[in-house]
Protein chains: 2
Amino acid sequence: MSPRLGSYDEVAETVAAKAREFASRRRAIEELQLGLASGRILARPLHADRDLPPFDRSTRDGYACRAAEAAAHQSLRIVGSIRAGEAHASRGPLPRGAAWEIMTGAPVPEGADAVVMLEHVEVAGGNIRLAESRGVEAGENIVPRGAEARRGDEVLFPGTRLAPPQIALAASCGYAAVPVFARPRVAILTTGDELVPVEAPPGPAQIRNSNAPMLAALVTAAGGKPVLLPKAADDAEALDMAIGRAEKADLFVVSGGVSAGKFDLVEEALARAGAIFHFTGARIQPGKPAVFGELLRGAAEDDPPGGNRRIQPFFGLPGNPVSSAATFLLFVTPVLAALAGASEPGPRFGLARLARDCKGKADLTRFVPAHCTFGGTAGELPQVAAIPTQGSGDLAAFSRANCFLVVPEGVLKLHADEVVRILLF
Amino acid sequence: MSPRLGSYDEVAETVAAKAREFASRRRAIEELQLGLASGRILARPLHADRDLPPFDRSTRDGYACRAAEAAAHQSLRIVGSIRAGEAHASRGPLPRGAAWEIMTGAPVPEGADAVVMLEHVEVAGGNIRLAESRGVEAGENIVPRGAEARRGDEVLFPGTRLAPPQIALAASCGYAAVPVFARPRVAILTTGDELVPVEAPPGPAQIRNSNAPMLAALVTAAGGKPVLLPKAADDAEALDMAIGRAEKADLFVVSGGVSAGKFDLVEEALARAGAIFHFTGARIQPGKPAVFGELLRGAAEDDPPGGNRRIQPFFGLPGNPVSSAATFLLFVTPVLAALAGASEPGPRFGLARLARDCKGKADLTRFVPAHCTFGGTAGELPQVAAIPTQGSGDLAAFSRANCFLVVPEGVLKLHADEVVRILLF
């Protein structure tokens, strides 16, 4: 009898706990030009090298003035003009009863405490007056110097994934290059006597190895560097040799050979290599036979000194492609993100409105290949529907999916129009 | 007075309609190795070169048998064994009263019409018997040959974005390389006298150009090839010259210089270049002054013959970085996706549970920088919360965001615990 399998939540917590351990590992750091750093993980804090904004900054096109004077609807003489990029220090402070024309992004002249919007004033004969229907308060349309960040502040923290907003912030602080963590090397081993490489003509009982390129794409998308090992046959010797070849990797992912069948030898080979297993299955569909554990490995040559990467986490994923993809997203992604140094490990779930009823199971959490609209106009909620499929081997159906619909354990039916969870690719 | 501005839904529909026009353009095609094709857009249909599955395929480890015999709980003699990758044709059909041991992925022997699961049988003395508590029906645990796709079927269509499932399907059909559309060239022009390059020390009223690298990252993420033009000063001559430099691009994105101020000259320069404007603002915040239009351009030298790319769509995005990013995701992404040949143009919206109340406006749709948890355990819904900010220039706040929270026009308050829409990065 197999041991009691954990629920999805239980094994996800096992994975998350291990991911937290890996998060503190030392890792190699490389310096990348900002234009090449998108999607990478920041390795050191970035600091503001000046106050942000560096001056009291107008957020509008309009007139810099004293709020008390403008709010009283006084006529204010236009005595100057300042546009973004111009320094104003040499022009002296704003006189009483006066205003300066000012553009968005320009420094507010000394003496002014508000900017009234262009659209809110009447202009006549070199004077402005705030429209009767409008008011203004001190501070309006001005971001004070240093309100966003102070010089010396840490504005981005190690572990931050550099998406477009962070790229912009790094640039605004003068970082033309940024320190990022080296991407973890992920050894990918596909197993199965039935597999032939994509270039080879398959025999009548053979199929092409679709998991190798799919897992490589998943690894790349999750921030790792895929290392595709030669496919291993379903025999002990081939598997032992292949496990040896994965020695140097930061993470080891094997697909195939982990279910209950006689020829599923991967677990045995891992055990021979000294594996500790954190789990050898979970109450999920697909992916029930998924395996997570760790191997004791020699340190890699290019490890940083003092690196403790002798523990190599591994995953055994079921060989069916839909099972491989689902378990990769659920379990491998968070471990890979942690090894990469990312502070938000995933997986990423969203919500969507269910288009059609979908069945669940009493004793399993289901992850059903599904298509979500993700959009349309503002009035329309994202809709998700399961894709009719022949099962976990059905790539033709899976290729019409852009997410997995989650049916939690014990929920026998999700009903149309419910808001449901989806696992994002 | 400015013309009446369209609502978000109205301008989004204007953009979508134009995107549909661009979808039918001819574009250059390149052949890429499958390992390099992730994220690219398929240019020609891919066909199944054999039935999928290519044989009646077992989806379980167990015993291939006749359902009628097994369901009657007869004792069935084990007369053979077949694993994945083995052809069975030479072994003749399954005799009456017998079963074959079979592994997941193996071809079902002729004569068998079901596979009973390993876990559901009692094995004794070279015989199996289905457990009393179990039944089995014809067809169980078998995917018939061709059930997923027939030889010659189109399994992937032009316009499909190649994510991991599509990569796997292409591999399973023998495509070691795939035809994809060339990525559209996107000219990026940042404008503003206040901007200095990231490498240069900014003067007291200057700031660094953070939009150039941010927009380049956004273009790359949306499937385009960014071409960064030199920054243009806020004067007519510099802008005219810069617009000329964007001649060859498939799409032209300008940031800055589109609001109501005196020195905002971009719209005038575009008008001098013969621009037609589809809209020059929208009832959104941020991004109200965003501009969308098209220029008549000479054909690019490397256009495919008959290409009609003389119409160059352009966007003018407000210069504040948060405004630039929001309007890029809302409007540029779908046009860029259409130019790239993608059949699902975006933008991508999701849903999440609101963590804290958030204010809206009577006359604007708000897109508020926000952070979504996207995960946690199965019981926990993704939660989103607006990020406190000093406004659309506040990159320090924006860099803590991973989505925009959508507050539709006319909704004065979104309440905590509501399920709300988010714009995904």
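Biologist: What makes Ala28(A) partly exposed?

Modeller: Ala28(A) has 14 other C-beta atoms within 10 Å. A residue is buried with 20 or more other C-beta atoms within 10 Å of its own, exposed with 12 or fewer, and partly exposed in between, with C-beta atoms placed from the backbone. So with 14, Ala28(A) counts as partly exposed. Bear in mind that this is a predicted model, where local features need pLDDT of at least 70, side-chain atom pairs count only at pLDDT 80 or more, and totals for chains, interfaces and linings use all residues. Residues are numbered from 1 along each chain as its sequence is written, and chains are lettered from A and ligands numbered from 1 in the order in which they are written.

Biologist: Where is Ala28(A) placed?

Modeller: In the loop between helix H1 (8-23) and strand S1 (29-33) of chain A; helices (H or I, at least four residues) and strands (E, at least two) are DSSP runs, numbered from the N terminus.

Biologist: Why is helix H4 (residues 211-221) of chain A called largely enclosed?

Modeller: Because 9 of its 11 residues are buried. Among them are Met214(A), Leu215(A) and Leu218(A). The cover over the buried residues of H4(A) includes strand S17 (251-255) and helix H7 (321-339) of chain A, together with H3 of chain B. Just after H4(A), Gly223(A) has a positive phi of about 95 degrees.

Biologist: How do you know which residues of the two chains touch, and how many are there?

Modeller: Two residues are in contact if their C-beta atoms, placed from the backbone, lie within 7 Å. By that test, 100 residues of chain B meet 101 residues of chain A. H3(B) gives the largest share of chain B's side, 8 residues. That side divides into 56 nonpolar, 30 polar and 14 charged residues. Here Ala, Val, Leu, Ile, Met, Phe, Trp, Tyr, Cys and Pro count as nonpolar, Asp, Glu, Lys and Arg as charged, and the others, Gly among them, as polar.
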